[in-house]
Amino acid sequence: MATAEHFMATDIEWDPTGRYVATAVTSVHEMENGFNIWSFNGKLLYRILKDHFFQFAWRPRPPSFLSPEQEEEIAKNLKKYTKKYEAEDQDVSMLLSEQDREKRKMLKDDWDKWLNEWRRLHEEEKLLREKLRDGEASDEEEEYEAKEVEVEEILDVSEEVLSFDFEQ
């Protein structure tokens, strides 16, 4: 069905169901230790790297609690059970998606409330901002004028008399 490569693989193990295969590099090699899990058709599902990886083993399948007659009855009526449980799954999925929509709506409403409060406060402070800037509007970027000003300030001045002795 497919061909894939697991460089330096030392072990290959099919799972008990036959749906997955694991390839592993054990600590025989010093690098790339770990395992890959593949689907039956060769798609890489997981890649786990582990230092000092010694062995890969699938967990054994527990024995069935059903009698052979019960298993046969389930196999016979599988389509009926499938329809029933698919309908239940769809109901649960619809409920979850509705809850997700409600949660997103609530988050958006909270965001809009916060944004409107910020805009209201910004508008309330507009007169104060203009007053602090001597009547200049400060909300329009086009009205800004950048000025570069250099300020030189003398911090301390002291005089000291030095004597030079030139007769040596």
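This note covers the salt bridges in a predicted model.

1. The model contains 6 salt bridges. Three of them are taken up below, each with its place in the fold and the accessibility of its partners.

2. Arg-47 and Glu-32 form a salt bridge through their side chains, with an N to O distance of 2.9 Å. Arg-47 belongs to strand E4 (residues 44-49), while Glu-32 sits in the loop between strand E2 (20-25) and strand E3 (34-39), so the pair ties together parts that are 15 residues apart in sequence. Arg-47 is partly exposed, at 47% relative accessibility. Glu-32 is also partly exposed, with a relative accessible area of 36%.

3. A salt bridge links the side chains of Lys-105 and Asp-109 at 3.1 Å, N to O. Lys-105 and Asp-109 are 4 residues apart in helix H2 (residues 78-124), and so about one helical turn separates them. Lys-105 counts as exposed because its relative accessibility is 52%, and the cut-off for exposed is over 50%. Asp-109, at 38% relative accessibility, counts as partly exposed.

4. In the salt bridge between the side chains of Arg-120 and Glu-117, the N to O distance is 2.4 Å. Both residues lie in helix H2, 3 residues apart, which is about one turn of the helix. Arg-120 is partly exposed at 38% relative accessibility, and Glu-117 is partly exposed at 37%.

Conventions. Residues numbered from 1 in each chain as written. Predicted model: local features only at pLDDT ≥ 70, side-chain atom pairs only at ≥ 80, totals over all residues. Heavy atoms only, no water. Salt bridge = Lys/Arg side-chain N within 4 Å of Asp/Glu carboxyl O. Helix = DSSP H or I, 4+ residues; strand = E, 2+ residues; numbered from the N terminus. Buried < 20%, exposed > 50% of the residue type's maximum accessible area, 1.4 Å probe, protein only.
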